[in-house]
Amino acid sequence: MKGGKIDVQVCTLISGRTLEQAKGMHGGKNNDGYKKAVEKAFLSPLLLEKLGLSEGEEILLTTPYGSVRVKTCADMGLPEDVVFMPMGPIVNLLVGPETEGTGMPSFKGLKVEVDKAR
């Protein structure tokens with residue numbers, strides 16, 4: 001903890017589709033609109049405050065499977081201990097290969113460390 005702010009917070013990561021992502025996909029997954037739509041993480045304003053961050057700053061998200069740097073977006077509808085990311089190539093770097101026999105890895109309920117990008 002530095003200056004009353006925490007350094008790392010363990011949260012639950014969930015992913016899903018967003019309207020911005022869907023719009024970006026119409027131009028193809030290589031266009032800037034799609035890339036901008038999936039290269040972000042949504043956090044509650046309370047979590048941003050705990051981390052000493054403002055919306056638009058970069059964070060480092062880490063799971064046992066990988067780490068990514070993404071920009072933050074505030075979402076008042078999220079619980080303080082949940083991080084939401086749009087489905088796509090960035091969040092896939094945080095998801096493990098195990099499918100539990102379903103043929104699809106789990107994109108919801110992963111434990112993720114949230115830290116200010118340095």
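**Reading the labels**

Modeller: The protein chain has an accessible surface of about 6,700 Å², and carbon and sulfur atoms make up 55% of that surface. Please keep in mind that this is a predicted model.

Biologist: What makes up the secondary structure of the protein chain?

Modeller: Four helices and six strands. Following the sequence, they come in the pattern β-α-α-β-α-β-β-β-α-β.

Biologist: How much of the protein chain counts as buried?

Modeller: Of its 118 residues, 42% do. As for contacts with a separation of 6 or more, 74% are between residues 24 or more positions apart.

Biologist: Why is Gln21 called buried?

Modeller: Buried means under 20% relative accessible area. Gln21 has 0% relative accessibility, so Gln21 counts as buried.

Biologist: Where is Gln21 placed, and which residues does Gln21 touch beyond four places in sequence?

Modeller: Gln21 belongs to helix H1, residues 19-25. Setting aside residues up to four places away, Gln21 touches Gly16, Tyr34, Ala37, Val38, Pro86, Met87 and Gly88.

Biologist: Now the strands. How do you know that S1 and S6 pair?

Modeller: Pairing takes at least two bridges. Strand S1 (residues 8-16) and strand S6 (residues 108-116) have seven bridges, in the antiparallel sense, so they pass that cut-off. Val10 stands opposite Glu113 in S6, for example.

Biologist: What joins strand S3 to S6?

Modeller: Four bridges join S3 (residues 58-63) to S6, and the two run antiparallel. In this pairing Ile59 stands opposite Lys116 in S6.

Biologist: And which residue is the bridge partner of Ile59 in S4?

Modeller: That is Val70. S3 and S4 run antiparallel with six bridges between them, and a hairpin of two residues joins S3 to S4.

Biologist: Does S2 run parallel or antiparallel to S4, and how many bridges join them?

Modeller: Strand S2 (residues 40-43) runs parallel to S4, and four bridges join them. Here Ala41 stands opposite Thr72 in S4.

Biologist: Why is Thr72 called buried?

Modeller: The cut-off is under 20% relative accessible area. Thr72 has 1%, so Thr72 is buried. Thr72 lies in strand S4, residues 66-74.

Biologist: What makes the pair of Thr72 and Ser54 a polar contact?

Modeller: The distance limit for a polar contact is 3.5 Å. A polar atom of the Thr72 side chain lies 3.2 Å from the backbone oxygen of Ser54, so the pair is within that limit. Not counting residues up to four places away, Thr72 also touches others, among them Ala41, Leu43, Leu48 and Ile59.

Biologist: Which members of the largest nonpolar core touch the most other members?

Modeller: Of its 23 residues, they are Leu43, Leu61, Val83, Met85 and Val114. S6 gives the most to this core, with three residues.

Biologist: Which residues are in contact with Leu43 beyond its neighbours within four places in sequence?

Modeller: The contacts of Leu43 include Leu48, Leu51, Ile59, Thr72, Val83 and Val114. There is also a second, separate core of five residues, including Cys73, Leu78, Val82 and Phe84.

Note on methods: Residues numbered from 1 in each chain as written. Predicted model: local features only at pLDDT ≥ 70, side-chain atom pairs only at ≥ 80, totals over all residues. Heavy atoms only, no water. Buried < 20%, exposed > 50% of the residue type's maximum accessible area, 1.4 Å probe, protein only. Contact = heavy atoms within 4.5 Å. Areas by Shrake-Rupley, 256 points an atom, 1.4 Å probe, with all protein chains shown as cover. Core = buried A, V, L, I, M, F, W, Y, C linked by side-chain atoms within 4.5 Å. Polar contact = N/O pair within 3.5 Å; in protein donor to acceptor, adjacent residues only side chain to side chain.
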